[in-house]
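Visitor: Could you walk me through the charged side-chain pairs of this model, with the criteria behind each term?

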Amino acid sequence: MDEFSLIHRYFQRPENSPAPSGILLGIGDDAAILTPPAHHELVISTDTLIAGRHFPIDTDPYSIGWKAAAVNLSDIAAMGAKPHSILLALTLPEANPDFLEPLAAGLFALCDAAHVKLIGGDTTRGQALSLTVTALGWVPMGQAILRSSAQVGDLIVVSGTLGDAAYALQHLSSSALDPELKARLDRPTPRLALGLALRGYASAMLDISDGLAQDLGHILRASGVSGQIHLEDLPLSPTLAALNPEQRAALALSGGDDYELCFTISPSKFAILQSVWDDSNLPLSVIGQINASDHNKNEHPQNNLTVLYQQKPFILTQQGFRHFE
């Protein structure tokens with residue numbers, strides 16, 4: 001099967017398939033053509049997933065397709081933007097229909113749930129399976145939620161529960177692994193509705209992909225502030241809550257692949273947000289607060305983060321996922 005047949009068979013959907021407005025031309029030409037909404041700004045993010053590095057080699061293809069789209073749309077959510085479309089650059093060792101069909105099904109299942117359309121990309125042959133997704137979204141001018149605007153006195157809040165995907169990765173060979181925890185690893189849910197709801201409320205925000213401690217450190221550094229969080233306030237699933245404090249901390253603070261939102265918000269705005277955010281399936285947990293920084297803004301991000309357990313400093317032995325280390 002050649003490249004063009006592959007694209008047409010698995011990734012070019014009928015013109016009547018669900019699609020957001022503003023797409024003048026999608027797959028089939030040298031480039032896509034979009035019409036941006038009036039008075040909006042374009043938000044773009046891209047991530048690469050490589051087999052054996054970002055997901056286990058034996059991950060089912062449906063989950064691989066789902067996750068490739070989900071992790072990129074999570075970045076769009078973290079900016080307070082509305083997702084619009086994606087592009088996919090796919091490198092395959094071989095064009096195996098038994099792999100490609102469920103891969104495309106997983107990708108489109110997530111896209112349909114998010115009202116997003118695949119508008120282009122590239123396919124090529126290579127030694128290792130690799131998926132690079134570029135996600136595009138729109139946000140009203142001046143309303144994107146950045147990492148650099150956290151204020152002293154803000155609360156630090158996270159959505160959902162932390163550490164589930166990291167726990168699942170450590171226990172993949174266990175027959176007793178909770179399917180819901182494995183789903184957190186294989187098929188994460190981008191918090192798109194929450195990202196939109198936080199416009200006008202959150203002062204700074206990002207998604208948790210490399211571990212809470214490391215990712216929160218990016219907000220602290222960009223904003224020139226420090227932060228203090230409490231280990232006992234971290235939201236945990238029952239499985240993680242049953243672990244000892246050191247195990248809980250390693251997973252919830254340093255484990256990756258959560259794709260929950262971490263944001264800062266003033267206490268008064270959080271009180272209002274709680275009255276309008278009515279999704280009981282996605283709780284919001286206050287885990288700490290933003291303080292004035294005693295450190296130079298250019299120092300290592302973790303230097304500005306203090307973790308307490310029962311009001312005593314808790315020393316982190318792991319800092320989160322990093323490439324090239």
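**Salt bridges**

Guide: Arginine 187 forms a salt bridge with aspartate 60, their closest N and O atoms being 3.5 Å apart; the term requires a side-chain nitrogen of Lys or Arg within 4 Å of a carboxyl oxygen of Asp or Glu. This is a predicted model in which local features need pLDDT of at least 70 and side-chain atom pairs count only at pLDDT 80 or more, while totals for chains, interfaces and linings use all residues. Residues are numbered from 1 along each chain as its sequence is written, and side-chain values use heavy atoms, with hydrogens and water left out.

Visitor: How many residues apart in sequence are the parts that arginine 187 and aspartate 60 tie together?

Guide: Helices (H or I, at least four residues) and strands (E, at least two) are DSSP runs numbered from the N terminus. Arginine 187 lies in the loop between helix H5 (179-186) and helix H6 (192-197), whereas aspartate 60 lies in the loop between strand E3 (40-50) and helix H2 (61-78). The pair therefore ties together parts whose separation in sequence is 127 residues.

Visitor: Is lysine 67, which meets aspartate 257 in a salt bridge, buried or exposed?

Guide: The side chains of aspartate 257 and lysine 67 meet at 2.9 Å, N to O. Buried means under 20% relative accessible area, exposed over 50%, and partly exposed in between (1.4 Å probe, protein chains only). With a relative accessible area of 4%, lysine 67 is buried.

Visitor: In which helix do lysine 182 and aspartate 186 both lie?

Guide: Lysine 182 forms a salt bridge with aspartate 186, with 2.4 Å between the closest N and O atoms. The two residues are four apart, about one turn of the helix, and both lie in helix H5.
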